[in-house]
Amino acid sequence: MTRSPATPLPPPKARRRLREAAALTQTQLATRVNVTRATIRAWESGRTAPRGRKREAYARLLKTLAEEDAARRTRSAPPPEPAPTPTPEPTPVLEPVSGPEKGSEPEPGSGSEPEPVPEPAPEHPALTPAQAFDALYEFSAPALVRQAYLLTGRRELARESVERAFQTAWERWPEVARDRDPVGWVRATAYEFALSPWQRFRPRHRQPEPPPADPGDRTLLNALLRLGPQHRRTLVLYDGVGLDLPETAAETEASTPAAANRLLHARETVAGRLPALADPRVLHQRLTELASAERLWAAKPTGVRKGGERRTRFRTRAAIAFTVALIGATALTVRTAPTHYEPAVSPGVAVRGVPPRVAPGSLSEAERELRQKLRDRLQDGPERLEPRLE
């Protein structure tokens, strides 16, 4: 049974642009699609994709917004200027050109020599998924490790975050390979893992790492780590990586004004500790120097792919083992469980203080009178009056 093709959607950046062009907030758009604001934010950042009826409704709404945007641009465009009337040119007189006679050879240096036909360019063979993944890793992994170091201040955590992000990308390679910005996809995943609050509970990350040797680099790194995670991420993306403000806002899953406010606050905080970095160009240069000064390395792409495959196999086997254990425990419970209620037998308790058993003796006079009274009284109650004829 074949599945019907999914409804096509514009890229995540185009979705955000259409919403902003229509002057709609994420909450208003979520209300029209009947989803939450967090879902719209994830769709516009490219982290998740809509499915089923939600995808169809979202696609119809984006199509309507695109048509409205095109109509607005058409109304606001100036009318085209009339084209000038072309002046008729005189018809040239074609003179016959005498060519070489049949069977005669062209003279050297004459223009009658045949032009060389350019050879077609050799076609590059299509890359396999593993080769494409290795090429993406070798191209972007070193830079991503340096960026993750600016976010965390830890060399080992930066390397591990990038490796985990690429392993996740390899698990979902068909989706990542079709993405318009695969490096951005991996970068967002690496940043999420590096800034996860659960990292503080790992024993290996509780021990501090040696700071940079240069005092200026050490001061700049401390200033970055004093920022909040979202402010630090915004500063690294905008002033470190070089993304524009809408792309930074989309990757941090925030609105453009919120990203601008975070960027200004981060710059003010860093400039308060290091006044020489008030200029954004100087700040960009210092961030690049700080990331390049450390000896950061990345594993081989083959090792990353195999590590991700081993982790996937381990998770699959663990899930199968857990399912089998659950089924076995359920079957054992059904087999050994009682079919009816059996009340618990209370434990025996020694009774003390009971009077000794006495044999019956003769009745007293009062007891005899009571017994005789009970015998004489009718057992069916008092007599009733019955009517009689006189």
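Which residue forms a salt bridge with D69, the closest N and O atoms being 3.3 Å apart? In this predicted model, that partner is R17, and the pairing is taken up below together with the other charged contacts.

## Charged contacts around D69

R17 and D69 form a salt bridge in which the closest N and O atoms are 3.3 Å apart. Because R17 belongs to helix α1 while D69 belongs to helix α4 (residues 52-76), the pair ties together parts that are 52 residues apart in sequence. The two partners can also be described by their cover: R17 counts as partly exposed, with a relative accessibility of 40%, whereas D69 counts as buried, because its relative accessibility is 9% and the cut-off for that class is under 20%.

D69 also forms a salt bridge with R73, and here the closest N and O atoms are 3.6 Å apart. R73 and D69 are both in helix α4, four residues apart, so they are separated by about one helical turn. An α-helix has 3.6 residues a turn, so residues three or four places apart point the same way. R73 itself counts as exposed, because its relative accessibility of 53% lies over the 50% cut-off.

## Other salt bridges

In the whole structure, a search finds 18 salt bridges. One of them joins E247 to K13, with the closest N and O atoms 2.9 Å apart. This pair links distant parts of the chain, since E247 is in helix α11 (residues 245-251) and K13 is in helix α1 (residues 12-21), 234 residues apart. E247 has a relative accessible area of 25% and is therefore classed as partly exposed. Side chains of opposite charge can pair when their charged atoms come close.

## Helix α1 and the residue after it

The buried residues of helix α1 are A14, R15, R16, L18 and R19, a list that includes arginines as well as A14 and L18. Helix α1 is followed by A23, which has a positive phi, near 60 degrees.

K306, R310, R313 and R317 form a positive surface patch. One of these residues, R313, is found in helix α14, which covers residues 301-336. With a relative accessible area of 42%, R313 is partly exposed.

R305 also lies in helix α14, but this arginine is buried, because its relative accessible area is 13% and the cut-off is under 20%. In sequence R305 and A130 are 175 residues apart, and in space their C-alpha atoms are 8.3 Å apart.

## Loop residues with positive phi

N34 lies in the loop between α2 (26-33) and α3 (37-45), and its phi is positive, about 65 degrees, although N34 is not a glycine. With a relative accessibility of 60%, N34 counts as exposed. N34 and A57 are 23 residues apart in sequence, and the distance between them in space, from C-alpha to C-alpha, is 9.2 Å.

E253 lies in the loop between α11 and α12 (256-273), and its relative accessible area of 22% places it in the partly exposed class.

## Helix α15

Helix α15 comprises twelve residues (365-376), and at 1.5 Å a residue it should span 16 Å. The C-alpha atoms at its ends are 17 Å apart, which agrees with that expectation. Helix α15 is hardly covered, for the count of buried residues among its twelve residues is zero.

Conventions: Residues are numbered from 1 along each chain as its sequence is written. This is a predicted model: local features need pLDDT of at least 70, side-chain atom pairs count only at pLDDT 80 or more; totals for chains, interfaces and linings use all residues. Side-chain values use heavy atoms; hydrogens and water are left out. Patches are made of residues with over 30% relative accessible area and no salt bridge: like charges are joined within 9 Å, nonpolar side chains (Val, Leu, Ile, Met, Phe, Trp, Tyr) within 5 Å. Accessible areas come from the Shrake-Rupley method with a 1.4 Å probe; for residues, only the protein chains shown count as cover. A salt bridge is a side-chain nitrogen of Lys or Arg within 4 Å of a carboxyl oxygen of Asp or Glu. Lys and Arg count as positive and Asp and Glu as negative; His and the chain ends are not counted. The place of a charge is taken as NZ of Lys, CZ of Arg, CG of Asp or CD of Glu. Helices (H or I, at least four residues) and strands (E, at least two) are DSSP runs, numbered from the N terminus. Buried means under 20% relative accessible area, exposed over 50%, partly exposed in between (1.4 Å probe, protein chains only). The expected span of a helix is 1.5 Å times one less than its number of residues.
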